[in-house]
Amino acid sequence: MITKHIELQFRHSDGLYIVRSIRSEIYISHCDRDEVGKATVRLIKELIRKGITCRIEAYDSLGPFLKQFRDAGAICRTGLVDQELPPVAKRRITWQMPDTPVPDPPPPVFASWADYLNRTPYNERMVRCYAAAKKANRKRLLSDAPEYHLTGKDVWTVIEAAKGRCAYCGSLAIENRPSHPKTGAPLPWAQVGRRIGSLEHINWRFGGGDNKLTNLAWACLWCNTWESERRKNASDHGGFYPTDKQT
Ligand SMILES: [Zn+2]
């Protein structure tokens with residue numbers, strides 16, 4: 001399917017600015033309003049260049065950016081200041097927002113890196129690595145398929161070098177995303193976000209980052225999603241720091 005139209009929401013929440021698309025994976029989150037504004041202008045220009053219509057719904061005052069977004073070619077709808085997000089958008093966003101309270105996390109699935117190696121069959125680990133490689137090799141809306149094609153073994157190299165630890169907070173991040181036991185449908189993950197592993201592009205794909213091993217790191221899903229949440233030994237969202245003397 002070719003995307004012809006994209007809608008972005010522009011929202012401010014406790015010092016964190018978020019631009020999130022409704023119909024694709026694009027989102028920008030940052031504490032610095034100017035940075036978000038500039039990145040959004042780049043995004044709009046790129047979308048327009050590709051023939052994609054871009055609409056922005058602002059839940060925050062856009063200030064000087066309103067003109068810049070319009071000049072870049074976006075259709076902006078403002079006047080939503082102080083209004084609630086539509087329920088559908090709210091459902092999609094709030095459960096993984098940093099400022100949303102989440103219940104206490106369940107106990108960790110693995111006691112240490114060594115415990116993970118002992119209890120997870122090689123094939124199961126590789127299935128996960130192939131899935132991460134496949135995702136990283138995909139063409140995205142705003143970036144072509146990377147020149148370097150990752151293999152599952154490449155991903156395992158990254159995880160093994162990190163001993164499953166997040167490059168930013170240091171939490172042991174090797175659990176899978178939670179899913180519904182019967183249907184397999186994805187469940188909210190914020191509660192254990194610092195324990196879920198993900199492949200991180202140090203220079204992100206939208207910014208021209210590629211799949212070379214030097215541009216890859218292992219990061220927990222929480223730090224990967226929210227740059228502003230990258231705190232060493234953070235104890236929120238299931239952060240777990242075993243001493244792991246066996247490795
Ligand atoms: Zn982390």
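Helices and strands here are DSSP runs, with helices being H or I of at least four residues and strands being E of at least two, numbered from the N terminus. Before I go on, this is a predicted model, in which local features need pLDDT of at least 70, side-chain atom pairs count only at pLDDT 80 or more, and totals for chains, interfaces and linings use all residues. Residue numbers start from 1 along each chain as its sequence is written.

So, is H201 buried or exposed? H201 is buried, because 20 other C-beta atoms lie within 10 Å. The rule is that a residue is buried with 20 or more other C-beta atoms within 10 Å of its own, exposed with 12 or fewer, and partly exposed in between, with C-beta atoms placed from the backbone. Leaving aside neighbours within four places in sequence, H201 is in contact with G209, N215 and L216. Contact means that the C-beta atoms, placed from the backbone, lie within 7 Å. H201 and A219 are 18 residues apart along the chain, and their C-alpha atoms are separated by 9.4 Å.

Now the strand itself. In β6 (residues 197–201), 4 of the 5 residues are buried, so the strand is largely enclosed by the rest of the structure. β6 runs antiparallel to strand β7 (residues 216–220), and 5 bridges join them. Strands pair if DSSP finds at least two bridges between them. Across this pair, E200 stands opposite A217 in β7.

Let's zoom out. The protein has 7 helices and 7 strands, and 29% of its 247 residues count as buried. Starting at the N terminus, the order of elements is β-β-β-α-β-α-β-α-α-α-α-β-β-α.

Next, two helices. How do we describe a packed pair? By the angle between the axes and the distance between them. The axes of α5 (residues 122–137) and α6 (residues 152–162) come within 7 Å and cross at roughly 105°. These axes are lines fitted to C-alpha atoms, for helices over the stretch in contact, with angles from 0 to 180 degrees between N-to-C directions. α5 and α6 are therefore roughly perpendicular to each other; under 35 degrees counts as roughly parallel, over 145 as roughly antiparallel, 65 to 115 as roughly perpendicular, and the rest as oblique. On the α5 side we find R125, M126, C129, Y130, A132 and A133, which meet G152, D154, V155 and W156 in α6.

V155 takes us to the largest nonpolar core, which has 31 residues; V155, C166, A173, L199, W218, C220 and C223 touch the most other members. Such a core is a set of buried Ala, Val, Leu, Ile, Met, Phe, Trp, Tyr and Cys residues joined through C-beta atoms within 7 Å. α4 (113–119), α5, α6, β7 and α7 (221–225) each supply at least two residues of this core. Apart from it lies another core of 19 residues, including Y17, I44, A58 and A74.

Last stop: the segment after α7. Both N233 and H237 lie there. Most residues other than glycine have a negative phi. Yet phi is near 55° in N233 and about 50° in H237. N233 counts as exposed, with 9 C-beta neighbours inside 10 Å, whereas H237 counts as buried, with 25.

Technical notes: Contact = placed C-beta atoms within 7 Å.
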